[in-house]
Amino acid sequence: MDALNNLMYGFGIALEPINIAYVFAGVFAGTIIGMLPGLGPISALALMIPITFAMEPSSGLILMAGVYYGAIFGGSTSSILLNAPGVAGTVATSFDGYPMAKQGLAGKALAIAAYASFIGGTVSIIFLMLVAPLLSKVAVSFGPAEYFALMVLGLTAVVSLSDKSLVKGLIAAVIGIMISIVGIDLQTGTERFTLGSMHLLDGIDFLVVALGIFALAEVFYMLLRGGGGKEPKRNVIGSLKLSGSEVKQIAGPISRSSILGFFTGVLPGAGATIGSFLGYSMEKRLAKDGDTFGKGNIKGVAAPEAANNAACTGSFVPLLTLGVPGSGTTAVLLGALLVMGVTPGPMMLEQRPDVFWGVIASMYIGNIFLLVLNLPLIPLIAKILDLPRPLLLSLILIFCMIGVYGMSFSVFDLMLLLGFGLMGLGMRLFGFPAAPLILALILGNIMEESMRRALQISGGDWMIFVEKPISLSLLLIALLSLTLPLLKKRRKRPVT
Amino acid sequence: MTSLSLKRLAVIALPMAALSGMATAVNAQEWTPSRSIEFVAPANPGGGWDTLVRTVSRVIQEEQLSDRNFAAINVPGGGGAVAWAQIARDSGNPHKLFATSPPVILVPLAGASRYDHSDFTPVARLITDYSILLVAADSEYETINDLFDALRENPNLSIGGGSAPGSMDHISVAGLASAAGLEASSVNYIPFSGGGDAMTNLMGGHVEAVITGAGESVGQLGEGSQLRALGVSAPERLSGSLADVPTYQEQGVDYTFDIWRGVMGAPDMPEEAVAYYEDLFAEMLETDGWQRARDQLGWIDAYQDSEEFGVFLDEQQELFSSVLSDLGLLRQ
C-alpha cells in the first residue's frame with residue numbers, strides 16, 4: 001500500500017489552496033488554448049516559463065501539466081464543431097465528431113468527448129501512479145527497430161480508414177508519406193523536395209496539413225455547394241444526455257483505448273496523436289458496425305478521445321522517471337523543471353517526491369475540474385453552430401489562419417494552408433479519403449528515420465527487425481491485422 | 001511625435017544620468033537603446049537558443065540592467081537559416097540581437113544557409129557547455145581508450161548523438177576519434193532527434209555509446225543511474241555532480257570541444273551599440289540572478305567581448321570545416 005501512502009502525501013501537496021488555484025488556472029487556460037485551432041500547448045508553456053521560475057517546483061509543474069492535459073481535453077471541441085483540430089492529438093476525433101455535429105448531435109459528441117477524456121485521463125493517472133517506475137523499462141526497450149515495427153502496425157490502419165476504395169486510400173497514404181519526406185533528412189543532412197526554399201527546410205508542419213485538408217476543405221466544399229444556408233438541422237445542438245445503450249456501446253472502446261493510449265504515451269516519440277489514431281482504428285476493426293465509422297459513430301468519438309488524454313498522461317512517465325521528453329511539449333516541461341532546479345530522472349522519486357506525487361495527485365483534481373468545467377460550457381460553445389453560414393465559414397477561416405500563423409509566424413505557411421485546403425477539396429470531390437493521408441504523414445517520418453537508424457546500427461542487416469522479439473511480435477500483429485479481414489471475407493463469401 | 005517623445009525621453013533621462021553619473025562617466029557619445037530590443041531565438045520555444053534568450057531577457061529585466069525591454073522572439077525554420085536571412089536584411093539595426101551557437105557556422109558549411117557568422121556582428125560570447133561520452137552502466141568500457149580500441153576492432157560499433165550528421169555531436173565525436181588516431185569518418189554515428197532520445201536508446205542497449213551535452217546528461221548520471229560517463233571534452237574537470245568524470249586529456253587524448261553560446265547582432269551594428277551591449281552582458285554575468293539561473297541550467301560562464309568572440313568564431317569555422325571535410329560533409 002505504498003502507492004496509497006504516497007498518493008495521500010501527494011494530495012497533501014495538491015490540496016494546498018494555492019495549488020488548487022494553480023490546477024484550476026492551468027486546466028482553464030489549457031482548455032481555451034486547446035479549443036483554438038492550431039494554437040497548441042507548446043508556445044503557451046514556453047511563455048509560462050518565466051512565470052513559473054519563481055514558484056515552488058511542485059506548484060510550477062502542477063500549473064504547467066494542467067495546461068498540457070487541459071489543451072488535449074479542450075482540443076476536441078473545435079474538431080467536433082468546426083472539423084478543425086484544436087491540437088494535433090484530436091485530429092482523429094473529427095472523423096466521427098464532425099459528422100455527428102452535422103447531424104445535429106453536437107451536444108452529444110462533445111459530451112462523449114468530455115466523458116471519454118475524463119476516463120482516459122483518470123485511468124492513465126492510476127497506471128502512472130502504480131507502475132511508472134516499472135514502465136521506464138518498457139520505454140527504453142523500444143529502440144529504432146521496435147519503433148519501425150510499431151509504425152508499420154500503425155500504418156495498417158490505412159486499410160480501415162479508407163472506407164470505400166482501398167486503392168484511393170493507399171494513394172492518399174502514399175501522398176502523406178511524400179509530404180512527410182519534405183525537409184532536411186536527419187540521417188544525411190540532405191535537403192529533400194524543398195525546391196530550394198528555406199521555408200521547407202524544417203518540413204511541413206502536420207497541423208498545417210490537417211487544418212487545410214479538414215477544416216479549409218470543408219469550408220470550400222460548402223461554398224461550392226452554393227451555401228444558401230439551407231443546411232438541414234444545422235442549428236440543432238441536440239441533447240447532451242446519453243441513453244443506457246449508448247453508455248454500454250462506448251464503455252468498451254473507452255476502456256480499451258485508455259489502456260492503449262497510456263502505453264503509446266509512455267513510448268517517447270509516439271504520443272497523443274499516434275495513440276488516438278491507433279485507438280480509433282482498433283475500435284473500427286473491433287466494432288460490428290465498423291462501416292458506420294466516419295459517418296458519426298459515437299464509438300469513433302469515444303475511442304480517440306480516451307486514447308489521446310491517456311497518452312498525454314502516459315508521456316509523463318518517460319519525462320519524470322527517465323528525464324527524457326517524448327514530445328515537443330514535454331521538452332518544454334523538462335526545460336521548465338530544470339530552470340526551477342528540479343532534475344527529472346531516475347533519482348527524482350527519491351529526491352523530489354513532493355513534485356512527483358504532488359503532480360500525480362493534482363492530475364486527479366485537474367481532470368475533475370475539466371469535466372465540471374466543460375460539461376456546462378458545451379451548450380454555450382456549441383451555439384457557434386447557430387451562427388449564419390457566411391459568418392461561421394469566415395470564422396473557421398480566421399481561426400485556421402491565426403492558428404497556423406501563430407505557430408510559425410510565417411506567411412509561407414498560410415499559403416501552404418491554402419494549398420492543402422484546395423487539395424483537400426479535390427480529394428473530397430474525387431472520393432479520396434483524407435484520414436489515411438494524415439495518418440501516413442504522422443507515421444511516415446518516424447517510420448523512415450527508425451528504419452534507417454536500425455539498419456545503420458545493424459550494418460545494413462535487415463534481420464534486426466525479426467531478431468528482436470518486440471519488433472517481431474509487432475510485425476506479426478501487423479501482418480495478422482492485414483490478413484484476417486481477407487480471410488473473414490473469404491469465409492463469408494460461400495454463404496452469401 | 002518623434003520630437004515630443006525624444007523630449008520626454010530627455011526629461012526622464014537627465015535626472016537618471018545624474019544619478020548614475022557617479023558610476024559611469026556619461027558622455028554625449030554614449031549610445032543607449034531608444035526602443036525595445038528584439039532578441040531573436042532562431043528556433044521554436046523550448047530549445048537551447050530559446051532558453052538562453054528567455055533567461056537573459058528575464059535577468060536583464062529583473063536586475064534592471066537596461067531601461068529598455070528585451071523582447072524574446074522566436075523565428076523557427078531551417079535550423080536557424082530563416083531567422084538569419086531575416087536578420088541579415090536588417091543591416092545597421094542596433095535594436096536587433098540573436099542567440100547563437102555552433103550551428104551558425106555548421107549550417108552554412110553544410111550548404112543550408114546563405115549567411116554565416118561573418119555576415120553578422122559578434123556581440124559577446126556568454127556561456128559554454130561541453131560534450132560528454134556516455135556508455136551504459138554495465139558496459140565493459142572503462143575509459144575512452146577502451147571504447148576506441150573496440151572501435152578499431154569493430155568499426156560497426158554504433159555511437160548515438162542528438163543531432164544530424166555534420167552537426168555538433170557528430171563533429172565532437174568525429175574530432176575526438178581523429179585525435180585518438182582513428183579516421184574521423186570511421187565512427188558509425190547514429191543521429192537521434194535529441195540528446196534525450198539518444199540517451200534512452202543507450203539505456204535500452206540499442207547503441208554502444210552516446211555523445212551529448214554535459215549539461216543535458218547531468219540528470220542521467222549519479223547514484224542508481226543506468227548510464228556512466230567515460231570522458232568530458234572540457235580542458236579541466238567540471239564541478240558539481242560531474243566532478244568525477246575525467247577529461248579526454250587526462251586519458252591521453254589531446255582534444256577539447258566547446259558548445260559555446262553567445263549573442264550576435266544585425267550586420268554592421270554601430271560600434272557604440274556594440275560597446276553598450278558588451279558592457280551590459282558583462283555586467284549581467286556578475287548578477288546573483290544570472291548566477292542562480294546559470295547554475296540551475298548547468299551552464300559555465302565563458303565571456304568574450306565582441307572582438308575576441310569574432311576571432312574565436314573564425315577559429316571555430318576553420319576547425320569545423322577541417323573535421324567536416326574529413327567526414328566528406330563539407331558542401332561549401
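Which residues touch the most other members of the largest nonpolar core? In this predicted model, the answer is A:Leu45, A:Leu211 and A:Ile438, within a core of 271 residues. Helix 6 of chain A (residues 106-141) provides the largest share of this core, with 19 residues. Chain B takes part as well: its domain 1 (37-128 + 259-327) and domain 2 (130-257) both give residues to the core, so the core lies between these two domains. A closer look at A:Ile438 shows who its partners are once neighbours within four places in sequence are left aside. These contacts are A:Val91, A:Gly176, A:Val209, A:Ala210 and A:Ile213.

Helix 1 (residues 2-14) and helix 17 (residues 353-382) of chain A have axes that come within 7 Å and cross at roughly 80°. With angles of 65 to 115 degrees counted as roughly perpendicular, helix 1 of chain A is therefore roughly perpendicular to helix 17 of chain A. On the side of helix 1 of chain A, the contact is made by A:Asn6, A:Leu7, A:Tyr9, A:Gly10, A:Phe11, A:Ile13 and A:Ala14. Helix 17 of chain A meets them with A:Pro353, A:Asp354, A:Trp357, A:Gly358, A:Ile360, A:Ala361, A:Ser362 and A:Ile365.

Attention now turns to the interface between the chains. Here, 46 residues of chain A are in contact with 45 residues of chain B. On the chain B side, two or more residues come from each of helix 2 (48-62), helix 3 (81-88), strand 6 (188-191), helix 7 (195-203) and helix 10 (288-297). Helix 7 of chain B makes the largest contribution to this side, six residues. The chain B side that touches chain A consists of 22 polar, 18 nonpolar and five charged residues.

Within chain B, the two assigned domains form a contact of their own. The C-alpha centres of domain 1 and domain 2 of chain B are 26 Å apart, and 13 residues of domain 1 are in contact with 14 residues of domain 2. On the domain 1 side, helix 4 (103-109) and helix 11 (306-327) of chain B each supply at least two residues. Helix 11 of chain B gives the most to that side, with five residues. The domain 1 side that touches domain 2 of chain B holds 11 nonpolar residues, one polar and one charged.

Methods. Residues numbered from 1 in each chain as written. Chains lettered and ligands numbered in written order. Predicted model: local features only at pLDDT ≥ 70, side-chain atom pairs only at ≥ 80, totals over all residues. Axes fitted to C-alpha atoms, helices over the stretch in contact; angles between N-to-C directions. Helix = DSSP H or I, 4+ residues; strand = E, 2+ residues; numbered from the N terminus. Parallel < 35°, antiparallel > 145°, perpendicular 65-115°, else oblique. Contact = placed C-beta atoms within 7 Å. Core = buried A, V, L, I, M, F, W, Y, C linked by C-beta atoms within 7 Å. Buried ≥ 20, exposed ≤ 12 C-beta atoms within 10 Å, placed from the backbone. Domains from an automatic or database assignment. Nonpolar A, V, L, I, M, F, W, Y, C, P; charged D, E, K, R; others polar.
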